[in-house]
Amino acid sequence: MTPTKTLLLCTCEKTQAVSPEALKAASAAGQVIVVDELCGKDMATAAEHLSGTGEVLIACGQQAALFERLGEDVQAEVGQSAPLSTIDIRDRAGWSAPDANPKRLHAKQAALMAGAQLPAAMAPAKLIQSSGICCIVGPTDQAIRMAELVQDELGVTCVVSDAGPVQLPSARYDVARGKLTAAKGALGNFTLEFAQLQMLNPAGRGAPSYGDAKATARSECDIFIDLRGGAPAFPHYQKRNGYFWADPAKSGELERIALTARERVGEFEKTVYFRLEESLCAHSRANQPGCTRCLDVCSTEAIFSAGDHIQIDSDICAGCGTCAAVCPTSAITMNETPFESITKALDVMARTYREHAGEAPRLVFHSLGAGAEAIAYLARYHDGLADDLIPFGLEQIDRIGHAEILAAFGAGYAEVLMLADSELDRRAVAAEVELAQAMLVGTHNSPSRIRVIAAEHLGEAGDNAGRLSEPVLLVGGRRDITRVAATAMADKIEASIPLPAGAPYGAIEIDSDKCTLCLACVSLCPTGALGDHPDRPEVQFTENACVQCGVCESTCPETAITLKPQLDLSKAALSARALHGEDPFECIQCGKPFGVASTINRIVEKLENQHWMYTKSDNVQLIKMCDDCRVKAQFHGDSAPMASGERPRVRTSDDYRDH
């Protein structure tokens, strides 16, 4: 018999109301127990159930660490402890405004509970080895002081940037003088480049001196401490593991850095946040530039070009997921928050809320760091979230792109908000928000239903007049769900929706006066959106497959191709259509079709009586022949340029018997 799951609910000293029946169904629990102070006078109830064999789910996020320690104590006392998980339904749903609708609050609690029951995606990890080799770069006095702080745990080399005196050389660390010119890498694998590097000579009496300067030098280290006081060596330096930058405006920076840097020795697990499918990447073909969307948005510079595709340095990648949000082919996907997991959770929460409240909820994406803290503060000291607003937390909100936003509308949410932790977050999601808003133009959903907000607006009521559209089946990839959701909301399917420049959906236009039907664009199209006709010179185009990478535009030798960002929701976009085609030229000898009629005629017009080889001769006729007939004409015609005399008869032994 399968052990029963027990759900422990707490009213938090009667400051929140819960619906045991709704939460029992949402959590698939066998029994539900409601108490008033589970972290205090009712803690014995938690200990009692933790000593059993069934799973225990405690609806309290604030005291999760306390209950984990309680489980460890129970394990030590009775020799076993039940599997424990916790969830917050208080800050995100239970604590709200005094006039909040209880039906909505209970529906939201059930939605959060149902979403938490979905299996979490597992991300692989890699091992990083740090031997504690540390390079400190900065002014002499600060660099030496930092070296003194960390020398017991780290192997230190100081590269000072000024001519300040080194009073007493130490055998416990090295000192050099030079200028940092470049830096790359992450914890366990930094490479630093210096100019005019001089090593300190500790020998001799008096002030130590520096040796001869090397024009360029390279150093490798595990930990990089930057005390120069200028701009950090890396963008978004906070996400660069093993790199420490001292803010000159803050006091106590050296001590703070030393405390953390000393712990960066040993073997560490580094999460591999992404999965890259190189064959799907539309970055380039045959050295012709294509899609650079992930390169443009990567804040840590972990992505770089590697020929026809990109590569991602897993040591540097911080897992923000912006690259996956903008990748038009799903060549990049996230291991921790795959698109399928997000859409499944959105669908389950929206459906659960509708079942209990009878109307559409609203959704807010927020970060699990500052965003979650803002929600908790708003709940404790103010009116909390609006009663119909379901929160969805991720490590970074720039993981959310237009596909996730459209998926939320497809799941039946009435409004999609994004809680920005900073102006940097607001800028990071701006392009994807603009793209999603453009897709709502001409639908019964207003573009204003997608907003980036600050924490103070989380309690505001929204326009939630029931269900705006019937939920759709959220099955498929990012482009599939985007198209299905946009189609469900569209007022007019026949019309194409104009999109901002750079959008990963659209058509291409070919200037027929320029195009020679060389089909170079067809051969290099990375997604198969461009194709040719098997029987005639023709460029065919399937709009649904086009990601607007630009390879065709950069490849075209006649500059005849123009990108046109748009979203065509009609069924015609799913099938190939002719963009430009002509009749083939028929060989004047055998009638076999070959080449393009306009091209052959243009060549004949340019060469006939204009070039000595095609003046007063029949050579121009060779241009009008297929390959086979051209070869025959060149070797066997009366005036063929490669014709030879009659071949001599082959002699045999019979020819010599009579002689």
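Modeller: A residue is called buried under 20% relative accessible area, exposed over 50% and partly exposed in between, using a 1.4 Å probe and protein chains only. The model is predicted, so local features need pLDDT of at least 70 and side-chain atom pairs pLDDT 80 or more, whereas totals for chains, interfaces and linings use all residues. Residues are numbered from 1 along each chain as its sequence is written, and side-chain values use heavy atoms, with hydrogens and water left out.

Biologist: Why is His 366 called buried?

Modeller: Its relative accessible area is 3%, which is under the 20% limit, so His 366 counts as buried. His 366 is placed in strand β21, residues 362-367; strands are DSSP runs of E of at least two residues and helices runs of H or I of at least four, numbered from the N terminus. With contact defined as heavy atoms within 4.5 Å, and residues up to four places away in sequence not counted, His 366 touches Gly 371, Ala 372, Ile 375, Pro 391, Phe 392, Gly 393, Leu 394, Ile 397 and Leu 419.

Biologist: What makes Asp 568 a buried residue?

Modeller: Asp 568 has a relative accessible area of 13%, again under 20%, and is therefore buried. Asp 568 is found in the loop between β29 (561-567) and β30 (577-581). Leaving out residues up to four places away in sequence, Asp 568 touches Arg 483, Ser 496, Glu 543 and Ala 573. Ser 496 is 72 residues from Asp 568 along the chain, yet their C-alpha atoms are separated by 4.4 Å.

Biologist: Which class, buried, partly exposed or exposed, applies to Glu 301?

Modeller: Glu 301 has a relative accessible area of 56%, over the 50% limit, so Glu 301 is exposed. Glu 301 lies in the loop between α8 (293-297) and β18 (303-305). Although not a glycine, Glu 301 has a positive phi of about 60 degrees.

Biologist: Turning to helix packing, what makes α1 roughly parallel to α5?

Modeller: Helix α1 (residues 20-27) and helix α5 (residues 102-116) pack at an angle of about 20 degrees, with axes 8 Å apart. Axes are lines fitted to C-alpha atoms, for helices over the stretch in contact, and angles run from 0 to 180 degrees between N-to-C directions. Angles under 35 degrees count as roughly parallel, over 145 as roughly antiparallel, 65 to 115 as roughly perpendicular and the rest as oblique; α1 is therefore roughly parallel to α5. Ala 22, Leu 23, Ala 26 and Ser 27 of α1 meet Gln 109, Ala 110, Met 113 and Ala 114 of α5.

Biologist: Why are α12 and α14 placed in the oblique class?

Modeller: Helix α12 (residues 402-411) and helix α14 (residues 478-489) pack at about 45 degrees, with axes 8 Å apart, and are therefore oblique to each other. The residues in contact include His 402 and Phe 409 in α12, and Arg 478 and Met 489 in α14.

Biologist: What is the extent of the protein beside a compact globule of 659 residues?

Modeller: Such a globule would have a radius of gyration near 26 Å, whereas the protein has 35 Å; the radius is taken over C-alpha atoms, and the globule rule is 2.2 Å times the number of residues to the power 0.38. The C-alpha trace spans about 125 × 85 × 55 Å along its principal axes. The protein has 19 helices and 32 strands, and buried residues make up 47% of the 659.
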